[in-house]
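Let's walk through this chain together, from its overall build down to one helix pair. Have a look at the fold before reading on.

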Amino acid sequence: MKIIYTDVLVIGGGLAGLRTAIGAKRRGLETLILSLVPAKRSHSVAAQGGMQASLANGFKGEGDNEDVHFEDTVRGSDWGCDQQVWRPGASPGVACSAATAKW
Ligand SMILES: Cc1cc2nc3c(=O)[nH]c(=O)nc-3n(C[C@H](O)[C@H](O)[C@H](O)COP(=O)(O)OP(=O)(O)OC[C@H]3O[C@@H](n4cnc5c(N)ncnc54)[C@H](O)[C@@H]3O)c2cc1C
């Protein structure tokens, strides 16, 4: 059996995993992604409507913010999403999405 050593092992090659891996690599850490399916087959690639984040820079973007994004997502999931998990996710989502879009 071949044993591979790495500083960071990222499980999953979707957008979350890829973003984490790039961040770790940029900090000089040796990084490896382990994914069940190739990155290009992840749900992130299937999301053809684009990423959602409250950048407030689009059509009808005035007044958009992370609270609106949070509420929209809760309503959109018909109150099915875990609000405690999602609440902090709505905030860094803006910075993460903007950075990822530039990459
Ligand atoms: C058809 C479709 C359309 C969508 N449209 C939109 C949209 O328009 N706008 C939007 O914002 N969101 C949309 N979504 C939702 C969006 O795609 C997901 O919320 C987002 O891609 C999740 O990203 P992720 O990196 O967390 O997970 P994923 O992209 O699902 O990646 C998960 C990764 O984990 C890996 N993995 C899973 N299990 C294991 C395991 N046991 N071991 C190792 N690796 C594993 C997989 O191989 C995959 O690479 C859509 C989803 C689908 C399916």
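Starting at the N terminus, the elements run β-α-β-α-α-α-α, which makes five helices and two strands in the chain. Helices here are DSSP runs of H or I with at least four residues, strands are E runs of at least two, and both are numbered from the N terminus. The chain's radius of gyration, taken over C-alpha atoms, is 16 Å, well over the 13 Å from the globule rule for 103 residues, so the chain is more spread out than a compact globule. That rule is 2.2 Å times the number of residues to the power 0.38. Along the principal axes, the C-alpha atoms fill a box of roughly 55 × 30 × 25 Å.

A word on the ground rules: this is a predicted model, where local features need pLDDT of at least 70 and side-chain atom pairs count only at pLDDT 80 or more, while totals for chains, interfaces and linings use all residues. Residue numbers start from 1 along each chain as its sequence is written.

The domain assignment, which is automatic or from a database, gives domain 1 (1-49) and domain 2 (51-103). Their C-alpha centres are 23 Å apart.

Helix H1 covers residues 15-26. After H1 comes Gly 28, with a positive phi near 85°.

Now for a helix pair: H3 (residues 66-76) and H4 (residues 83-90) pack at about 145°, with axes 9 Å apart. Axes are lines fitted to C-alpha atoms over the stretch in contact, and angles run from 0 to 180 degrees between N-to-C directions.

Conventions. The expected span of a helix is 1.5 Å times one less than its number of residues.
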